[in-house]
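Here's a quick briefing for anyone meeting this structure for the first time.

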Amino acid sequence: MMNVLYIVWKPHDDIGVPIIDEQHRAIVATINSLYYFIQEGWGLSALAPTLNIIKSYSSFHFKTEEGILSKAGYKELHKHIMAQKQFTKDVDAAAQEAIAYKDAFILLKFLKDWWISHLKKEHVEYAASLDTLKEKSDD
């Protein structure tokens with residue numbers, strides 16, 4: 001079981017902006033690390049470190065996205081920023097629930113569901129703006 005990943009990164013997960021793709025892989029690696037710890041029976045002791053990493057790294061990631069989307073002229077940037085703020089509240093709630101129920105899988109499932117939504121929904125919404133930015137940089 002040690003080689004099984006909870007989320008497997010696939011080439012189609014890349015959005016074509018190298019820094020964002022790299023940050024996404026780091027987020028996935030953190031989620032997969034929590035999965036590893038759960039498999040090893042260390043899930044509860046890994047909750048606090050995982051939460052710290054996810055919150056600080058996602059904040060870093062969101063700032064990167066904001067800068068890129070701002071530069072691209074993304075018209076729904078405010079909506080994107082609000083979704084990011086909601087994530088912080090939601091991840092805290094999921095962590096508290098995991099602690100209360102002594103079940104690290106609660107946080108793990110939340111993170112996977114959030115990841116899928118973040119990549120498949122939010123990135124699809126701003127893909128056209130990124131394409132415009134990529135075209136400008138190709139000139």
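A salt bridge here is a side-chain nitrogen of Lys or Arg within 4 Å of a carboxyl oxygen of Asp or Glu. By this rule the model, which is a predicted one, comes out with five salt bridges. As background, side chains of opposite charge can pair when their charged atoms come close.

- One link joins the side chains of Asp14 and Arg25, with 3.0 Å from N to O.
- Which parts does that link tie together? Asp14 sits in the segment before helix 1 (18-39) and Arg25 sits in helix 1, so the pair connects parts that are 11 residues apart in sequence.
- Arg25 also forms a salt bridge with Glu22, and here the closest N and O atoms are 2.9 Å apart.
- Arg25 and Glu22 are three residues apart in helix 1, so about one helical turn separates them.
- How open are these residues?
- Asp14 has a relative accessible area of 33%, so it counts as partly exposed.
- Arg25, at 31% relative accessibility, is partly exposed, and Glu22 is partly exposed too, at 47%.

**A pair within helix 4**

- Where do Lys109 and Asp113 lie? Both belong to helix 4 (residues 104-138), four residues apart, which is about one turn of the helix.
- Lys109 and Asp113 form a salt bridge, their closest N and O atoms being 2.7 Å apart.
- Lys109 has a relative accessible area of 42%, which makes it partly exposed.
- Asp113 is partly exposed as well, with 40% relative accessibility.

**His61, a buried residue**

- Now for a residue in helix 2 (residues 43-72): His61 is found there.
- Is His61 buried or exposed? Its relative accessibility is 0%, and buried means under 20%, so His61 counts as buried.
- What does His61 touch, once its neighbours within four places in sequence are left aside? The contacts are Ile20, Gln23, His24, Ile27 and His118.

**To take away**

- Arg25 pairs with Asp14 and with Glu22, while Lys109 pairs with Asp113.
- His61 is buried and has contacts that include His24 and His118.

Key. Residues are numbered from 1 along each chain as its sequence is written. This is a predicted model: local features need pLDDT of at least 70, side-chain atom pairs count only at pLDDT 80 or more; totals for chains, interfaces and linings use all residues. Side-chain values use heavy atoms; hydrogens and water are left out. Helices (H or I, at least four residues) and strands (E, at least two) are DSSP runs, numbered from the N terminus. Buried means under 20% relative accessible area, exposed over 50%, partly exposed in between (1.4 Å probe, protein chains only). Contact means heavy atoms within 4.5 Å.
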